[in-house]
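Dear colleague,

A summary of the findings follows it.

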Amino acid sequence: MNNMNGMRHASNIAWVLQWVLNIGLIALAAVLVFFLGKETVTMAALMFSETKSATAYELLEGIVIYFLYFEFIALIIKYFMSGYHFPLRYFIYIGITAIIRLIIVDHSDPMTTLLHAGAILVLVVALFIANTEKLKRE
């Protein structure tokens with residue numbers, strides 16, 4: 001009887017923590033949507049401003065940041081649609097995009113750029129392994 005009562009308490013604690021996590025993720029999604037809108041306005045101002053012309057690097061950095069927002073929002077959506085599970089693939093996509101952004105923003109040192117490219121290669125290999133049939137959950 002005592003073991004069953006303990007299981008019920010553990011289940012209630014897990015339920016409460018799941019709701020706290022869900023509310024936190026919804027709040028994070030709202031913040032990300034806000035910043036996505038702000039980034040849209042910033043990019044539009046960069047592209048269509050007659051007073052300040054944007055460099056290709058600024059536009060490319062803005063586009064990659066835009067994709068990062070999209071990927072994080074897609075990760076949150078996928079979490080709720082897949083039964084409260086974060087797919088590993090999405091984290092790898094976000095990592096690859098973030099490193100690409102880092103290379104675009106700071107490519108002054110060739111060795112660092114080569115190391116970042118190596119990190120992307122490692123993530124692509126990890127993505128290949130994660131997409132094998134044995135590891136796929138979906």
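Is Glu-61 buried, partly exposed or exposed? At 23% relative accessibility, Glu-61 counts as partly exposed, where buried means under 20% relative accessible area, exposed over 50%, and partly exposed in between (1.4 Å probe, protein chains only).

Please note that this is a predicted model, in which local features need pLDDT of at least 70 and side-chain atom pairs count only at pLDDT 80 or more, while totals for chains, interfaces and linings use all residues. Residues are numbered from 1 along each chain as its sequence is written, and side-chain values use heavy atoms, with hydrogens and water left out.

Salt bridge

The count comes to one salt bridge, defined as a side-chain nitrogen of Lys or Arg within 4 Å of a carboxyl oxygen of Asp or Glu. Glu-61 forms it with Arg-101, and the closest N and O atoms are 3.0 Å apart. Glu-61 belongs to helix 2 and Arg-101 to helix 3 (residues 88-105), so the pair ties together parts that are 40 residues apart in sequence. Helices here are DSSP runs (H or I, at least four residues), numbered from the N terminus. Arg-101 is likewise partly exposed, at 24% relative accessibility.

Nonpolar cores

The largest nonpolar core has nine residues, including Leu-25, Leu-36, Tyr-69 and Tyr-79; such a core is a set of buried Ala, Val, Leu, Ile, Met, Phe, Trp, Tyr and Cys residues joined through side-chain atoms within 4.5 Å. Helix 1 and helix 2 (56-81) each give two or more residues to this core, and helix 2 supplies the largest share, five residues. Apart from it lies another core of seven residues, among them Ile-92, Ile-96, Ile-103 and Ala-130.

Helix 1

Helix 1 covers residues 2-48 and includes Val-16. Asn-22 also lies in helix 1 and is buried, at 5% relative accessibility. Leaving aside residues up to four places away in sequence, Asn-22 touches Tyr-79, Phe-80 and Tyr-84, contact meaning heavy atoms within 4.5 Å.

Val-16 is partly exposed, at 44% relative accessibility.

Record annotation

The unreviewed UniProt entry lists residues 12-36, 56-76, 88-105 and 111-130 as "transmembrane region"; such annotations may be inferred rather than shown by experiment. In the model, residues 12-36 are 100% helix, with end C-alpha atoms 36 Å apart. Residues 56-76 are also 100% helix, and their end C-alpha atoms lie 31 Å apart.

With kind regards
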